[in-house]
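Subject: Handing over the structure

Dear colleague,

I am passing on the structure below, together with notes on what was found in it. Please read the notes with the structure open beside you.

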Amino acid sequence: MSGTIRTLPPTSPPGGLLHGGERTMKIYRAWTLAMALPLGWSVVVFGWRAAWMIIACLAGAMLTQHVVGTMRGRNSETDQWRAARWGAGMALLLYATMPTWLAVLLGSGAVLAGMLDEKYEPRIHPAVWVRVLFVAMLGFGGVLSWNAVTTMQTRGGVLSRDVLVLGDVTRSTSLEGQRSWGDDPRALAKVSTGRRDPLLGCDAVEQERLTMTLAPLTAAGESPRYGAVGMNADLETPHGDALGQAMAMRDIAFGVRYGMLGEVSAIGILLAGLFLVYRGYVRLVLPVGVLLGAALTATVWPVQLLEIDGATSWHWFGAFYEGADVGLVYVGYHILGGVVMMGAFFLATEMRLRPIMTRGQFYYGAFLGVMMMGGQLLFPAWPLAGLLAGMSLWSVFCAIRLGVSQPMKL
Amino acid sequence: MNLDFLSAGGYDAGMTFGGTFEGSVNLPLHRKTAMRRDVPVAVELPESLRVPLCVDGKRSAKCVVAPGDVVAAGEPLGEFSGGGYLVAPVSGIVGEIVRTEICVGRGCFEVDAVEMHDLHYPTSSAEPSPEPESESRTSEELFELLSRAGLFVRGERITELGRWMSHIRKSKATRLVVSLLEDEPYASSRHAVAAHFGKWVALGARAIAKACGLDTIEILVDASELSAYDELAAEAGMSHIAVEVKFPIATKRLLKQFAGRGSAILDGIVACQAGQSLCGELTCRGSVVTVAGENQNSPRVILVPDGMALRDIVADAAGPMIAGGAMRGQLARETAVTSAGLELLLSMDPPRNVSMEACMSCGWCRDHCPAKLNVSLLNDCFELGRIEVAQHHGVEQCLDCGACSYVCPSRLALRARMSELIEAVRRLRSAIGRDEQ
Ligand code: SF4
Ligand code: SF4
């Protein structure tokens, strides 16, 4: 074409109106399917008990939707998928050891809370307070399943939720009698009943094995003198005898650790999360903000160090204490393990709460990341505390900021 | 502050708001339906026409002909109070003054019309004269000629071309930007005009630029369709602004964003009609209408004389008609007639059993908003009647492009809501102003 051509930069995302044909129901369905990946993974890891919990939670959600939705005259297919999404989302937060009735109750509560998210303006909007209540409910759930939570504290999760152990890893030996995937976690809790270290909460054999988990991740080519290890990493892979060969990272990636149903596998969460990003339901900036906030917190947070002789000491900037190799792995464990990945991709991205604007999403993500990691480090028994508190605070903040008691979106 | 419209309770379905189909139709992204069809010179003429004496539902022209007069195409039928003419679309004999209905923007209006019989087109050639004498005319002569051509510029209002040119002369505009972007889904009129009548578009644009005292001409085109404008491109001295992103509604405000400051934006169809008119080649005075829609088997672009009944235009289609487009149009009665305001006639079923849902905070409205507004928050403001908050978050920056309505998975009529909010903000401001005085 002759003449000067001045091509305008797009004022909208590349590809133009990407979402012209999308409808709400499709989005809820895709979210539910995305959650099915980590949930399915948890069934592989924890076995029938996990499947039962998921079914109970979903049933609670769907039944509530059916009954209350029919009463309110709102039980369309979209509403049903919305309920399924709430149910699946809540199932991510359950422990396989929780009582069934609690799973039903939480699934049902999630749907009821979702129903409250409608626009009306009383001075105290129920949706804000429901979020606060939601935090309390999960805490209540934690108390009711105290067995699981205490197990979690001593066994579940990832490297050093609260303690960074320095040990001579050359003394480590691999453990006989590895357990396989799918064992009942309650049975697992009874396995190591030897004398427990008062600080670590595990026996000497476990401690050595745990120490070993970090060995391959430190200086390449030679056995490191020190390793930063956690007091957990419980369920082994079928390749348990290969403990000395980067087992720990594999555990984290593929899900061989104890915890909530949704957090078993970092890769599972990442794949499902990236699917949501690909579909445009989640903007990458939010999970990235969460991960950055969490990484920063883990980096500067003080660690308690346990020497071989049993003495302990606290150190700020724990990630740097033993050099970059140990520090990076330490932070990496905190990010990849536990609730951080699940929080970043599934909880912080909760549509009703997250901000709309890109910058708002980044701040929100970073804030939740800091809260989440703070919670994880302070209350290892209840790693969601920080995240949920952060989400509730944000709701209240938005309401105040916008001058309405309504969870409006910044 | 509570708004009247909140209590009106008319927001349960896309249809209820002023008859628009916003947020309720799964619109095709591209106007592929009628794109590749040839443009016929004009449709077969009916037995009679009811030429409306009003084009925007507001200002009516004073009839200047009497029953029995023989008029040729382009001769005045009516005169507007500020100057400007309404001309006979085709040649024929004038009948009675009757009432008829036109559909413009958000409303259908009953207006006076001049009935015409014994209709025929003037003879015309398919090509412009090789050396149109308009090239050698002075700007004043061109201004006079074009003002009498009976053409209308459609923007936020429908204005006579003469009036529009006077306005541009007084403004600070330095260049003419001829828009060939379609302004609604399904529409392909401008594309067809540019592809088939490029020389006339160029000729008309040059004449209008000269009449308005503008030295530069630019053409605003869809980047994905550049190759279709070869004829137009052959004209030297024009540069092109290729727009890469298409919005559902190409409103004047959005075009201004694309064109930049100091631009006078002119519809490509008007440029084409002006070019034809100067050469005496304008087959008929009327609209270039895209006839499309899901119930329309043969989508096409046609030249329709003003006053033709909508029923005659979509005679081959079944079901209801939407005049004006899927985003801003309305259900029209078959007896309504075309006027200068009509460019798109769709034959499609209005949405049924489709209701808006609660905002799910997906954020797509914001992602696609060219003004980068937090539309979701503004929608909350609408639902809660929070006018001040909406004002604080820049609702008045809305370009009315319709992207938010188009993408919203909850089918919320967001564009219409933004317009309502802007109105409310203005009302609030003037109320505060009154209180302060
Ligand atoms: S608010 Fe909607 S109509 Fe207004 S500019 Fe943004 S996307 Fe366009
Ligand atoms: S596109 Fe619709 S559903 Fe999504 S945030 Fe905007 S208003 Fe809400």
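In helix α2 of chain B, which runs over residues 139–147, the buried residues are Leu142(B), Phe143(B), Leu146(B) and Ser147(B); here buried means under 20% relative accessible area, exposed means over 50%, and partly exposed is what lies in between, with a 1.4 Å probe and protein chains only. Seen down the axis of α2(B), these buried residues fall within an arc of 125 degrees, so they line one face of the helix, the arc being that of the directions from the helix axis to the C-beta atoms. The cover over the buried residues of α2(B) includes α3 (161–170), α5 (198–212) and α8 (268–278) of chain B. Helices (H or I, at least four residues) and strands (E, at least two) are DSSP runs, numbered from the N terminus, and contact, wherever I use the word, means heavy atoms within 4.5 Å.

Before going on, please note that this is a predicted model, in which local features need pLDDT of at least 70 and side-chain atom pairs count only at pLDDT 80 or more, while totals for chains, interfaces and linings use all residues. Residues are numbered from 1 along each chain as its sequence is written, chains are lettered from A and ligands numbered from 1 in the order in which they are written, and side-chain values use heavy atoms, with hydrogens and water left out.

Chain A has 16 helices and five strands, and of its 410 residues 57% are buried. Among the contacts in chain A between residues at least 6 apart in sequence, 75% join residues at least 24 apart.

Chain B has 14 helices and 18 strands, and 62% of its 437 residues count as buried. The accessible surface of chain B is about 16800 Å², of which carbon and sulfur atoms hold 48%. For contacts in chain B between residues at least 6 apart in sequence, the share that joins residues at least 24 apart is 71%.

Helices in chain A

Two packed helices are described by the angle between their axes and the distance between the axes. Helix α2 (residues 48–72) of chain A packs against helix α4 (residues 100–116) of chain A at an angle of about 40 degrees, with the axes 7 Å apart; axes are lines fitted to C-alpha atoms, for helices over the stretch in contact, and angles run from 0 to 180 degrees between N-to-C directions. The helices α2(A) and α4(A) are therefore oblique to each other, given that angles under 35 degrees count as roughly parallel, over 145 as roughly antiparallel, 65 to 115 as roughly perpendicular and the rest as oblique. Among the residues that meet here are Trp52(A), Met53(A) and Val68(A) in α2(A), and Val104(A), Val111(A) and Leu112(A) in α4(A).

Helix α14 (residues 339–347) of chain A is mostly covered, nine of its nine residues being buried. The axes of α14(A) and of helix α11 (residues 285–300) of chain A come within 8 Å and cross at roughly 150 degrees, which makes α11(A) roughly antiparallel to α14(A). In this pair, Pro287(A), Val290(A), Leu291(A) and Ala294(A) in α11(A) meet Val340(A), Met341(A), Ala344(A) and Phe345(A) in α14(A).

Single residues

Thr32(A) has its place in helix α1 (residues 24–46) of chain A and is buried, with a relative accessible area of 12%. Leaving aside neighbours within four places in sequence, Thr32(A) is in contact with Trp81(A), Ala84(A), Arg85(A) and Ala88(A). The C-alpha atoms of Thr32(A) and Arg82(A) are separated by 8.6 Å, although these residues are 50 residues apart along the chain.

In chain B, Glu115(B) lies in strand β7 (residues 107–120) and is buried at a relative accessible area of 14%. Asp118(B) is also placed in strand β7 of chain B, but at 53% relative accessibility Asp118(B) counts as exposed.

Most residues other than glycine have a negative phi. Asp118(B), however, has a positive phi near 45 degrees, and Ser361(B) has a positive phi of about 60 degrees although it is not a glycine. Ser361(B) is found in the loop between β18 (344–347) and α10 (364–368) of chain B and is buried, with a relative accessible area of 1%.

With best wishes

Conventions:
Accessible areas come from the Shrake-Rupley method with a 1.4 Å probe; for residues, only the protein chains shown count as cover.
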